[in-house]
Amino acid sequence: MGHIGEVRVTATSVFSIEESVANQAVDLTPGEAEALKAEIVRRAHELGFDLARFTTAEPFPETQKVLEERIEAGLLSGLAWFTAERASIAGSPRNLMPSAQTVVSLGISYLSDDAVIPSEPGSPRGRVARYAWGLDYHEVFKDKLWALHAFVQEQLGRHVEARALADTARIVDRAVAQRAGLGWYGKNTNLLNREYGSWVLLGELLLDVALPPDDEVRTNCGSCSRCMPACPTGALIAPGVLDNNKCISYLTIELRGPIPRELRSSIGDWVFGCDICQDVCPVNRKAKAMNHVEFAPQQGIGASPSLIELLDISEDNFKGRFRHSPVKRTRWIGMRRNAAVALGNIGDPSAVPALVRALGSEPELVRGHAAWALGRIGGDEAEAALSARQ
């Protein structure tokens, strides 16, 4: 394939560098850079990534501006950690790694065959967002990203400074993915990909290697706005604008206090996250289900947990059951709070004894939401328990 200076291109190792310069950065010719990109994409697919594209580590000034505006407007007020300072840091990948030259934007489809079990009389069940049916994607991404980094080092024959990111760092994953050409912003604020819809988990690998960027996707949702009226809490207040404080995902995962009374009935049977704005999207209805084993429903987690079990679960059992699941983010008390609200919305009288037991629970947060649920269900036993509590 060629031999240029100290860089020798071979069939088995795209880039092997002489030992004397093994730890020094080497400028790649355009052809060498494109070849390395192709090898990275090939290896990414081998590791289980469905999408891999490239962008520069240049700043994202428009994204930073939008974040600052929405923080100022109070649309992210429930996230105390999401400050203007954080938005400023998120505005440039080099704030995370000064030597960054390239960002590899990677995606994995988490869409799997439907596994929702509907509630039946005497067996009320909640719903969990699809991305949390299986293993915690943070753990899944971490191993794959570092394996890809090791591959890049092997190809270049030198130490490559890198940083692996999967939703937890101060970077806007969707902005990176959009600029890299993985997809476009939907009116529900999710990133949409032509092949996989918005059922895609995102991560990044920052590299100190300069590689040519890919083009953005010049697509939008056009006149479609099905997601906006479908949101039961009215969280989508304008195309591409989310009032996070009303979003069911925020209310069931990030919120640590009581769920506002005026929003409880709109949450329905969701106990962790929400997929409604994705379920109604025409792009998502055509999306390919990849059925990755990591994101398939896991025993003890799954799509439709028993709500009475969740309400009664002990703290130790909660931690053990959801140790490797994103569901652990809602925490033990938060999950029991959510289960109480879902039971109240379903209205199955079989839940009354469990809700009465919850009235004696130590956390006030659980007691208050159990009382609300009993009021929704009604009946002699529920009314008697509520009267005794006063």
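Ser 99 sits in the loop between α3 (84–90) and β5 (102–109), where helices (H or I, at least four residues) and strands (E, at least two) are DSSP runs, numbered from the N terminus. With a relative accessibility of 24%, Ser 99 counts as partly exposed; buried means under 20% relative accessible area, exposed over 50%, and partly exposed in between, using a 1.4 Å probe and protein chains only. Setting aside neighbours within four places in sequence, Ser 99 is in contact with Glu 161, Leu 207 and Asp 208, a contact being heavy atoms within 4.5 Å. Ser 99 and Leu 191 are 92 residues apart in sequence, and their C-alpha atoms lie 27 Å apart in space.

A word on the model itself. This is a predicted model, in which local features need pLDDT of at least 70 and side-chain atom pairs count only at pLDDT 80 or more, while totals for chains, interfaces and linings use all residues. Residues are numbered from 1 along each chain as its sequence is written, and side-chain values use heavy atoms, with hydrogens and water left out. pLDDT is the predictor's confidence in each residue, from 0 to 100. The protein chain averages 91 on that scale, and 93% of the residues score at least 70. Residues 1–24 are another story: pLDDT stays under 50 there, and the model has 49 contacts beyond four places in sequence for this stretch.

Now for the whole chain. Its secondary structure comes to 16 helices and 13 strands, and the C-alpha trace spans about 85 × 40 × 35 Å along its principal axes. Of the 390 residues in the protein chain, 53% are buried. Counting contacts with a separation of 6 or more, 74% are between residues 24 or more positions apart.

One pair of helices is worth a look. Two packed helices are described by the angle between their axes and the distance between the axes. Here, the axes of α1 (residues 30–47) and α4 (residues 137–156) come within 10 Å and cross at roughly 145°. Axes are lines fitted to C-alpha atoms, for helices over the stretch in contact, and angles run from 0 to 180 degrees between N-to-C directions. The crossing of α1 and α4 is right-handed; a crossing is left-handed if the near helix is turned anticlockwise from the far one by less than a right angle, and right-handed if clockwise. On the α1 side, the residues involved are Leu 36, Glu 39, Ile 40, Arg 42, Arg 43, Ala 44 and Leu 47, and they meet Lys 144, Ala 147, Leu 148, Phe 151, Val 152, Gln 155 and Leu 156 in α4. This contact divides into nine nonpolar residues, one polar and four charged. In that count, Ala, Val, Leu, Ile, Met, Phe, Trp, Tyr, Cys and Pro are nonpolar, Asp, Glu, Lys and Arg are charged, and the others, Gly among them, are polar.

Buried residues of α15 include Leu 365, His 369, Trp 372 and Ile 377. The buried residues of this helix pack against α8 (261–264), α11 (307–312), α13 (332–346), α14 (352–358) and α16 (380–389). Just after α15, Gly 378 takes a positive phi of about 75°.

Positive phi also turns up away from glycine. Thr 189, found in the loop between β8 (184–185) and β9 (191–192), has a positive phi of about 75° although it is not a glycine. Thr 189 counts as buried, at 11% relative accessibility. Asn 291 lies in the loop between α10 (282–285) and α11, and its positive phi is about 55° although it is not a glycine. Asn 291 is partly exposed, with a relative accessible area of 37%.

Thr 63 lies in helix α2 (residues 61–72) and counts as buried because its relative accessible area is 18%. Beyond its neighbours within four places in sequence, Thr 63 is in contact with Val 172 and Ala 175. Ala 73, in the loop between α2 and α3, counts as exposed at 55% relative accessibility.
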